[in-house]
Amino acid sequence: LFIDTKKGYMDRFRSRIIFPINNATGKIVAFAGRIYNSDDPAKYVNSPETPLYIKSNILYGLDKTKNDIIKNSCAIIVEGYLDLLQLYQSGIKNVVAISGTSLTDQHAKLIKRYCNNIYLAYDGDDAGVSAAIKASYILIKNNLSVKILSIPKNKDPDDWIKSDGIEPFNNAIKNSLETIEFQFKHKSLSNSSS
């Protein structure tokens, strides 16, 4: 929670909304802070990694959503804390978020304990599309079935649901694409980044 500086201890999360990060059993292992009412260039600040908090082993929200993931036989993976919270409060509860990092093999192994079917709902910008394609191959490598949602350009799930409601998101789930088809649809992006 604090940073030791030359001037003394300082609040790591000052002027930020705090998100407790729990492990799969519900124990708080870290915190994330999102900036508000400020022009701070660091949108998010996370606790540093510790023996208890290793980003690649944590899926945000899993402690609350794992039963819904099991019940629905699928999980929706989003990038951000607010994306997860917006979906959850809109009634979609089989959702988890990666915790300020790229999706890893450890994430894939963790989610595989609860289901085999994954929907990736990453941001609609170029970086989000590229990250979704990369994440999908990691999930496939770990024998998970993956589909990717097409999110409107330059929106994230949180913004999209706030502006248009939950129905377009539900339609995006129904119309989600398998990795190759999604990558082909965005081939100009994947060609320029390779």
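Tutor: Asp63 is buried, because its relative accessible area is 17%. Buried means under 20% relative accessible area, exposed means over 50%, and partly exposed lies in between, with a 1.4 Å probe and protein chains only. The partner of Asp63 is Lys64. The two form a salt bridge, and their closest N and O atoms are 2.8 Å apart. A salt bridge here is a side-chain nitrogen of Lys or Arg within 4 Å of a carboxyl oxygen of Asp or Glu. Lys64 is exposed, with a relative accessible area of 54%.

A word on the source. This is a predicted model: local features need pLDDT of at least 70, side-chain atom pairs count only at pLDDT 80 or more, and totals for chains, interfaces and linings use all residues. Residues are numbered from 1 along each chain as its sequence is written, and side-chain values use heavy atoms, with hydrogens and water left out.

The rule gives five salt bridges. Another of them joins Asp105 and Lys141, with the closest N and O atoms 3.1 Å apart. This pair links distant parts of the chain. Asp105 sits in helix α3 (residues 105-112), Lys141 in helix α4 (residues 126-141), and 36 residues separate them. Helices (H or I, at least four residues) and strands (E, at least two) are DSSP runs, numbered from the N terminus. Asp105 is partly exposed at 25%. Lys141 counts as exposed at 54%.

Next come Lys153 and Asp126. Their salt bridge brings the closest N and O atoms to 2.6 Å. Again the pair links distant parts of the chain, 27 residues apart. Lys153 lies in the loop between β10 and α5, and Asp126 lies in helix α4. Lys153 counts as exposed, at 53% relative accessibility. Asp126 counts as partly exposed, at 41%.

Asn154 has a positive phi of about 60°, although it is not a glycine. Asn154 is exposed, at 59%. Ser73 is not a glycine either, and has a positive phi of about 55°. Look for Ser73 in the loop between α1 (62-72) and β7 (74-78). Ser73 is partly exposed, at 41%.

Now a hairpin. Strand β3 (residues 16-22) pairs with strand β4 (residues 28-35) in the antiparallel sense, over seven bridges. Strands pair if DSSP finds at least two bridges between them. Ile18 faces Gly33 of β4. Five residues lie between the strands, and Gly26 takes a positive phi near 100° in this hairpin.

Finally, step back. The chain holds eight helices and 11 strands. Its radius of gyration is 17 Å, close to the 16 Å from the globule rule for 194 residues, so the chain is as compact as a globular protein of that length. That radius is taken over C-alpha atoms, and the rule is 2.2 Å times the number of residues to the power 0.38. Of the 194 residues, 44% count as buried. Among contacts with a separation of 6 or more, 62% come from residues 24 or more positions apart. Contact means heavy atoms within 4.5 Å.
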